[in-house]
Amino acid sequence: MEMLIVGGSGFLGAELVRRAVAADHATAATYSSRPPRDRGQPVAWYRLDLREPVQVQRVMAEARPQVVINASSGLADWGVTAEAPLRLALAAARSGSRLIHVSSDAVFSGRLVHYNEAQPPDPVTPYGAAKAAAETGVRLVHPGSVVARTSLIIGGGRSEHERLVRQLAAGTRAGALFTDDVRCPVHVTDLAEALLELAASQAHGVHHLGGADALSRHELGFLIARRDGLDTTRLPTGLRAESPHPDPLDVRLDSRATQRKLRTGLRGAREFLSNDRSCPPPGSGSDVRPGRS
Ligand SMILES: NC(=O)c1ccc[n+]([C@@H]2O[C@H](COP(=O)([O-])OP(=O)(O)OC[C@H]3O[C@@H](n4cnc5c(N)ncnc54)[C@H](OP(=O)(O)O)[C@@H]3O)[C@@H](O)[C@H]2O)c1
């Protein structure tokens, strides 16, 4: 299958690229500001700023993908996160390409705590509003697309969440791990595999790809620190409710309906952090002892 991974230089995008190549898909991928360092893989790389319509058209015309997976992220930047995915969705619809658009549990406020695929977005942050706007537009202009919402993405020590835990444990960064901020973290390999499964299927509409366990940020940080042999007592705790950043508190993606359609298991963080081998932080020379309690 000809596949285009938009945001292939990102954390999730890089895993998608690796797995697409391993599965023998003819793989093209895009970066925006960080050209990929590993050019050893058989991947056609394109520089792409999704805000530029001409670039979107050029990449689509040259890559001619059967499937596009949009793993780009512009955080709360409205132009990148809300508007740009519509440009890609329009181009995919016009060229008859399948589209898998990655979204986030940030589209929910947490008022209901448990959210299945039928619940409408009720975002309370600029990032959540941008992701919700993109979902709405993508589904309107490309009704056959999949909108795949996920939660905190973890894996191999490379995620921003794992970096934060290392920095907090080392005392090199201020901050706290909230005990009242609950999500359903997912492993990046499970997520990438599930997205590729959806890409190869006839599925369309909203799908939830959260991990099976609901954990607070502090519980998650504790498990990461324990896996990496860090001193768990050094992790500062706090309350999201008392923080100046009013993110939603308790948002649990109910992914059971999507899980029933998939061969790939969406493991809970308690399971994958008990045996996920972390990479030492680049240049740290630290002694990482996976699984030490
Ligand atoms: N990380 C999480 O915990 C989490 C949680 C829930 C949902 N998600 C969703 O999962 C997806 C992937 O997240 P991630 O953490 O892997 O993101 P990431 O590591 O920050 O990567 C973002 C990607 O988007 C690209 N990008 C940025 N601006 C762009 C632009 N204007 N045009 C085209 N590409 C652009 C980046 O390219 P360069 O790096 O080359 O500039 C990079 O490849 C996103 O949809 C995100 O909302 C992530």
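**View 1. Helix α3 has a kink of about 35° at Ala-84, shortly before the proline Pro-85.** The bend at a residue is the angle between axes fitted to the seven residues ending there and the seven starting there. Helices here are DSSP runs of H or I with at least four residues, strands are runs of E with at least two, and both are numbered from the N terminus. Keep in mind that this is a predicted model, in which local features need pLDDT of at least 70, side-chain atom pairs count only at pLDDT 80 or more, and totals for chains, interfaces and linings use all residues. Residues are numbered from 1 along each chain as its sequence is written, and side-chain values use heavy atoms, leaving out hydrogens and water.

**View 2. Asp-77 caps the N-terminal end of α3.** Look for its side-chain oxygen, 2.9 Å from the backbone nitrogen of Gly-79. After the helix comes Gly-96, with a positive phi near 75°.

**View 3. Residues of α3 pack against β1, α2, β4, β5 and α4.** The buried residues of α3 (buried means under 20% relative accessible area, with a 1.4 Å probe and protein chains only) include Val-80, Ala-84, Pro-85 and Leu-88. Their partners span residues 2–6 in β1, 53–63 in α2, 67–70 in β4, 98–104 in β5 and 126–141 in α4; contact means heavy atoms within 4.5 Å.

**View 4. One aromatic pair turns up in a search of the whole structure.** Phe-108 and Tyr-115 are stacked, 4.0 Å centre to centre with 15° between the planes. Rings of Phe, Tyr and Trp (its six-membered ring) pair if their centres lie within 6.5 Å, and planes under 30 degrees apart count as stacked. Phe-108 counts as buried because its relative accessibility is 0%, and Tyr-115 is buried too, at 1%.

How values were computed:
Phe/Tyr/Trp six-rings, centres within 6.5 Å; stacked < 30°, edge-to-face > 60°. Buried < 20%, exposed > 50% of the residue type's maximum accessible area, 1.4 Å probe, protein only. Polar contact = N/O pair within 3.5 Å; in protein donor to acceptor, adjacent residues only side chain to side chain.
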